[in-house]
Amino acid sequence: MGGFLARHPETGRALALLKARALTSGFANDTYNSLDSLIFVNAEGTATAVRWAMVPEEAARPPEGPGVGRDYLFHDLIGALARGPLRWHLVVTVAGPGDPTGDATVPWPAGRRQVDAGTLTLVRAESEEGGPCTGITYDPLILPEGMGPSDDPIPAARSAVYARSFTLRSGEAVTASAVTGTAIRSGGQ
Ligand code: HEM
């Protein structure tokens, strides 16, 4: 790892940023940042480089001590959903002139224009057991119309790796899910 970091100082800088980021108490009150840039194209064909974040409506709270059990983050989330829906806002940050789109390790300056582009509402959790997620490929380049890749090389690399992984795991026996349908039906207990 030391050798890799010496050859890739940008990775060391990105790891320092990750380490400085405040942790929250769980999945429900955390912000999820895309890091990678995308190009949004409007109806007139104008292209705009953006990064996005899913920002929770729940206020961020620091961790409340070590959780109980290996899967406590999942069980906490299931418990929160049993009490009511959870919402995140899709906040799109628009690149300023010269902001790097091809290097996900470099943050853009603060104060860039941001647009609240929509709301994600989670109303229930679903277990892998009988759920559709095993049949999904999480290829980050399968994008809706109006969104396309930037010159960021990471999504293209991920696309190839995810296709290979999907092919390999499709041929494997399915193992039991860590978070069962029973746990979900009982509200994360
Ligand atoms: C922005 C950075 C990344 C994000 C947000 C991300 C996110 C994800 C997500 C959400 C999944 C699906 C997880 C699940 O099944 O529960 C996944 C799977 C996976 N990721 Fe990443 N990932 C990132 C970077 C990478 C990189 C750089 C690699 C390796 C080159 C990688 C390799 C994989 C593989 C092999 C899978 C399993 C794919 C499958 O079998 O369908 N990821 N990732």
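This report walks through a predicted protein model, from its overall build to a few single residues.

## Ground rules

Because the model is predicted, local features are kept only at pLDDT of at least 70 and side-chain atom pairs only at pLDDT 80 or more, while totals for chains, interfaces and linings use all residues. Residue numbers start from 1 along each chain as its sequence is written, and side-chain values rest on heavy atoms, with hydrogens and water left out.

## Overall build

The protein has five helices and six strands. Read from the N terminus, the order is α-α-β-β-β-α-β-β-β-α-α. Both kinds of element are DSSP runs numbered from the N terminus: helices are H or I with at least four residues, strands are E with at least two.

Of the 189 residues, 26% count as buried. Here buried means under 20% relative accessible area, exposed means over 50%, and partly exposed is what lies in between, using a 1.4 Å probe and protein chains only. As for contacts (heavy atoms within 4.5 Å), take those with a sequence separation of 6 or more: 70% of them join residues 24 or more positions apart.

## Surface and charge

## The iron atom

Tyr162 is the only protein donor to the iron atom of the ligand, with its OH at 1.8 Å. Donors are N, O and S atoms within 2.8 Å of the metal (3.2 Å for Na, K and Ca); water is not among the atoms, so sites may look incomplete. Tyr162 belongs to helix 4, residues 153–170.

## Two loops

Start with the loop between strand 1 (32–33) and strand 2 (38–41), where Leu35 is found. Leu35 has a positive phi of about 65° although it isn't a glycine, and it is partly exposed at 49% relative accessible area. Ser37 is in the loop between strand 1 and strand 2 too, but Ser37 is buried, at 1%. A polar atom of the Ser37 side chain lies 3.4 Å from the backbone oxygen of Thr101. Beyond four places in sequence, Ser37 touches residues including Val50, Arg51, Pro100, Trp108 and Asp152.

Asp99 sits in the loop between strand 4 (86–94) and strand 5 (114–122). Asp99 is buried, with a relative accessible area of 11%. A polar atom of its side chain is 2.6 Å from the backbone nitrogen of Gly96. Not counting residues up to four places away, Asp99 touches Trp108, Pro109 and Arg112.

## Leu86 in strand 4

Leu86 is part of strand 4 and counts as buried at 3% relative accessibility. Outside four places in sequence, its contacts include Ala28, Glu58, Leu77, Leu81 and Leu120. Leu86 and Asp152 are 66 residues apart in sequence, and their C-alpha atoms are 31 Å apart in space.

Note on methods: Polar contact = N/O pair within 3.5 Å; in protein donor to acceptor, adjacent residues only side chain to side chain.
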